[in-house]
Amino acid sequence: MVQGFSQSLRDKIEGNSDYFRKNAEGKVIDELHPNAGAIKHFFEENTPAICKAISAQLNGRFLN
């Protein structure tokens with residue numbers, strides 16, 4: 001099971017405009033959907049859980 005955005009990850013990206021889409025003037029235009037930079041942090045934090053979840057679905061045939 002992959003938990004998703006932990007509180008520590010949420011604290012890292014929320015309020016940081018670098019992690020959200022901006023218009024030409026630099027103003028955040030979509031504060032509900034993080035950009036690729038934030039998603040990179042998500043995968044860095046959740047890769048072990050994602051791999052375990054995939055392995056569980058494949059009955060552990062490939063990953064232990």
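Buried, in these legends, means under 20% relative accessible area, and exposed means over 50%. The model shown is predicted.

**View 1. Helix α2 spans residues 36–57 and falls short of a straight span.** The helix has 22 residues. Its end C-alpha atoms are only 26 Å apart. A straight helix would reach 32 Å at 1.5 Å a residue. Where does α2 bend? The bend is at N46 and comes to about 65°. A proline, P48, follows within four residues.

**View 2. Several residues of α2 are buried.** They are A38, H41, F42, N46, I50 and S55. What covers the buried residues of α2? The cover includes α1, residues 7–13, and β2, residues 28–34.

**View 3. N35 caps the N-terminal end of α2.** A side-chain oxygen of N35 lies 2.9 Å from the backbone nitrogen of G37. Beyond the other end, just after α2, comes N59. N59 takes a positive phi of about 60°.

View 4. Side chains of opposite charge can pair when their charged atoms come close. An α-helix has 3.6 residues a turn, so residues three or four places apart point the same way. Is K40 buried or exposed? K40 counts as exposed, because its relative accessibility is 54% and the cut-off for exposed is over 50%.

**View 5. R10 forms a salt bridge with E14.** The closest N and O atoms of this pair are 3.2 Å apart. R10 has 33% relative accessibility, so R10 counts as partly exposed. E14 has 45%, so E14 counts as partly exposed too.

**View 6. D18 forms a salt bridge with K22.** Their closest N and O atoms are 3.9 Å apart. D18 counts as exposed, because its relative accessibility is 52%. K22 stands at 36% and counts as partly exposed.

Terms used: Residues are numbered from 1 along each chain as its sequence is written. This is a predicted model: local features need pLDDT of at least 70, side-chain atom pairs count only at pLDDT 80 or more; totals for chains, interfaces and linings use all residues. Side-chain values use heavy atoms; hydrogens and water are left out. Helices (H or I, at least four residues) and strands (E, at least two) are DSSP runs, numbered from the N terminus. The expected span of a helix is 1.5 Å times one less than its number of residues. The bend at a residue is the angle between axes fitted to the seven residues ending there and the seven starting there. Buried means under 20% relative accessible area, exposed over 50%, partly exposed in between (1.4 Å probe, protein chains only). Contact means heavy atoms within 4.5 Å. A polar contact is a pair of N or O atoms within 3.5 Å; within protein, one must be able to donate a hydrogen and the other to accept it, and residues adjacent in sequence count only if both atoms are side-chain atoms. A salt bridge is a side-chain nitrogen of Lys or Arg within 4 Å of a carboxyl oxygen of Asp or Glu.
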